[in-house]
Amino acid sequence: MNGPLAAARRYALSFTTGALLAREAVVLAPVYIETRDWKRVRDQAVEGNLLQARTHRTGVRLVRETVKRLSALVDDEVELLAEVTASERGYLMWAAACRRYELIGEFAEEVLRERFLLLAPTLEYQDFDGFVRTKALWHEELTEIKDSTLQKLRSNVFKMLQDAELLSEGRYIRPTVLSERVVATLSAHTPSDLRFFPTQQAAKQGAVL
């Protein structure tokens, strides 16, 4: 196939399980710190039902998705999860979701942060839908998903934003003030992962927003 659809890397769209998964991360992060092996984390979590899922199938899905998100963090960030406050943990898990899923990361940078910088107070479902329609020009996979799947993806992204305290239940953007240690770890990436947040805080360590 020629044209823009042929050149774009396909989005991973498997973020329909769970939402931010911060609670699950608290359980699995210490297991990784002990083992330094995500496969062993996955196996131990499933065998021991560490996430206390009601069914084995649900447990497998939750463990798999939580490990996917956590593995987007570097070891220092996984260790930090055990020390930070609940709010800080939410910010780190939002960054993990943005890294793991390019679609979420681009939405955070191009829509959430942009609206914040333009002083737009809210973030609505139609903002997500318009974003997806634009991305569909380069991503054929977005034209192939069912409406029900799109609604689930959209709902989950907004639930993640609310869980991370970046968006109120009324869908008002909540300006984010990050602690120095979270700013430092997000700024260790180039470009800085502060781009995923509604904040005007500057990156540290020379990273570029």
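**View 1. Surroundings of D193.** Leaving aside residues up to four places away in sequence, D193 touches R99 and L186 (contact means heavy atoms within 4.5 Å). This is a predicted model, in which local features need pLDDT of at least 70 and side-chain atom pairs count only at pLDDT 80 or more, while totals for chains, interfaces and linings use all residues. Residues are numbered from 1 along each chain as its sequence is written, and side-chain values use heavy atoms, with hydrogens and water left out. D193 lies in the segment after helix 11 (180-187); helices (H or I, at least four residues) are DSSP runs, numbered from the N terminus. D193 counts as buried because its relative accessibility is 3% (buried means under 20% relative accessible area, exposed over 50%, with a 1.4 Å probe and protein chains only).

**View 2. The side chains of D193 and R195.** A polar contact of 2.9 Å links these two side chains. A polar contact is a pair of N or O atoms within 3.5 Å; within protein, one must be able to donate a hydrogen and the other to accept it, and residues adjacent in sequence count only if both atoms are side-chain atoms.

**View 3. The two sides of helix 3.** W38, V41 and A45 are buried in helix 3 (residues 38-47). Seen down the helix axis, the buried residues fall within an arc of 50 degrees, so they line one face of helix 3 (the arc is that of the directions from the helix axis to the C-beta atoms). Their cover includes helix 2 (22-35), helix 4 (56-70) and helix 5 (75-81). The face turned away from the buried side carries the exposed residues K39 and E47.
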